[in-house]
Amino acid sequence: MLIRTARRCDLPLLQDIERAAGEPFRALGMAAVADDEPPPLDLLEDYRRAERAWVATDGDDRPIAYLIADEVDGAAHVEQVTVHPSASRRRLGSGLIDHLARWAADRDLDALTLTTFRHVPWNAPYYARLGFRVLDDAELTDGLRKIRAAETEHGLDRWPRVCMRRAAPHPGGIPRPAGTHGRTPAAT
């Protein structure tokens, strides 16, 4: 699998990936999610220009999965990670998330965060297998609360949603203790 920064010419393909990946939600009675429009090209371009958009490509260098991210309250926040259904079960999503974890560690961010549907098998249960844990309300940062409020306004709370977090590794690959922001905890 090759992961690279998204190019401008990739952006319409990312929208196609998003549309295709939405279709399986219909079988769960979530047609509104399937019908939701993909991120607009100008937004994807903003992520690309900020160097926070990556793609996993096939053998012809054509994107088959993508991830866009923000920095939210000292964490790399997965805004969207999507794999085309024809390329599922190839570890593309986890590869992109691991790529983001290295990106986060290089920037001294201590964690990855995301919001997702609690009961959709390829959402929260999948991320739990990748080392994410569900945050309770007391653990939510101001930035995550703001994201959840926007999701509620968009109508996504018709189905249970959660915020999740996973520690980012130290730049050398060793997981850092939660909340250290790259600092070594004082010896006691």
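## Close-up views of a predicted model

**View 1. D16 and R19 pair up on helix 1.** D16 makes a salt bridge with R19, their closest N and O atoms sitting 3.4 Å apart. (A salt bridge here is a side-chain nitrogen of Lys or Arg within 4 Å of a carboxyl oxygen of Asp or Glu.) Both residues belong to helix 1, three residues apart, or about one turn of the helix. In general, an α-helix has 3.6 residues a turn, so residues three or four places apart point the same way. D16 is partly exposed at 41% relative accessible area, and R19 is partly exposed too, at 37%. (Buried means under 20% relative accessible area, exposed means over 50%, and partly exposed is in between, using a 1.4 Å probe and protein chains only.)

A quick word on the model: it is predicted, so local features need pLDDT of at least 70 and side-chain atom pairs count only at pLDDT 80 or more, while totals for chains, interfaces and linings use all residues. Residues are numbered from 1 along each chain as its sequence is written, and side-chain values use heavy atoms, with hydrogens and water left out.

View 2. Helix 1 (11–22) has 12 residues and runs 17 Å from its first C-alpha to its last, close to the 16 Å expected at 1.5 Å a residue. (That expected span is 1.5 Å times one less than the number of residues; helices are DSSP runs of H or I with at least four residues, strands are runs of E with at least two, and both are numbered from the N terminus.) Its buried residues are L11, L13, L14, Q15, I17, E18, A21 and G22. They pack against helix 2 (31–35), helix 3 (41–49), strand 2, strand 3 (63–72) and strand 4 (75–83). (Contact means heavy atoms within 4.5 Å.)

View 3. D10 is in the loop between strand 1 (2–5) and helix 1. With 3% relative accessibility, D10 counts as buried. Its side chain makes a polar contact of 2.7 Å with the side chain of R4, and also reaches the backbone nitrogen of R7 at 2.8 Å. (A polar contact is a pair of N or O atoms within 3.5 Å; within protein, one must be able to donate a hydrogen and the other to accept it, and residues adjacent in sequence count only if both atoms are side-chain atoms.) Setting aside residues up to four places away in sequence, D10 touches R4, T5, V55 and P63. Two of these names come back in the sheet, where R4 stands opposite V55 in strand 2.

View 4. Seven strands form an open sheet in the order 1-2-3-4-5-7-6, with mixed pairing. Strand 1 and strand 6 (133–134) are at the edges with a single partner strand each, so one side of each has no neighbour in the sheet. Strand 1 pairs with strand 2 (residues 53–57) in the antiparallel sense, over four bridges. (Two strands pair if DSSP finds at least two bridges between them.)

**View 5. R165 and D110 bridge distant parts of the chain.** The side chains of R165 and D110 meet in a salt bridge, 3.3 Å from N to O. R165 lies in strand 7 and D110 in the loop between helix 4 (92–106) and strand 5 (111–117), 55 residues apart. D110 is buried, at 3% relative accessible area.

View 6. R161 sits in strand 7 (residues 161–167) and is buried, with a relative accessible area of 14%. Leaving out neighbours within four places in sequence, R161 is in contact with T115, T116, F117, R118, R148, E151 and L156. R148 is itself buried at 15%, and its side chain meets that of D157 in a salt bridge (2.9 Å, N to O). D157 is partly exposed, at 35%.

View 7. R8, E45, D46, R48 and R49 are linked in a network of salt bridges; the structure holds 17 salt bridges. Zooming out, the protein has six helices and seven strands, and buried residues make up 47% of its 188 residues.
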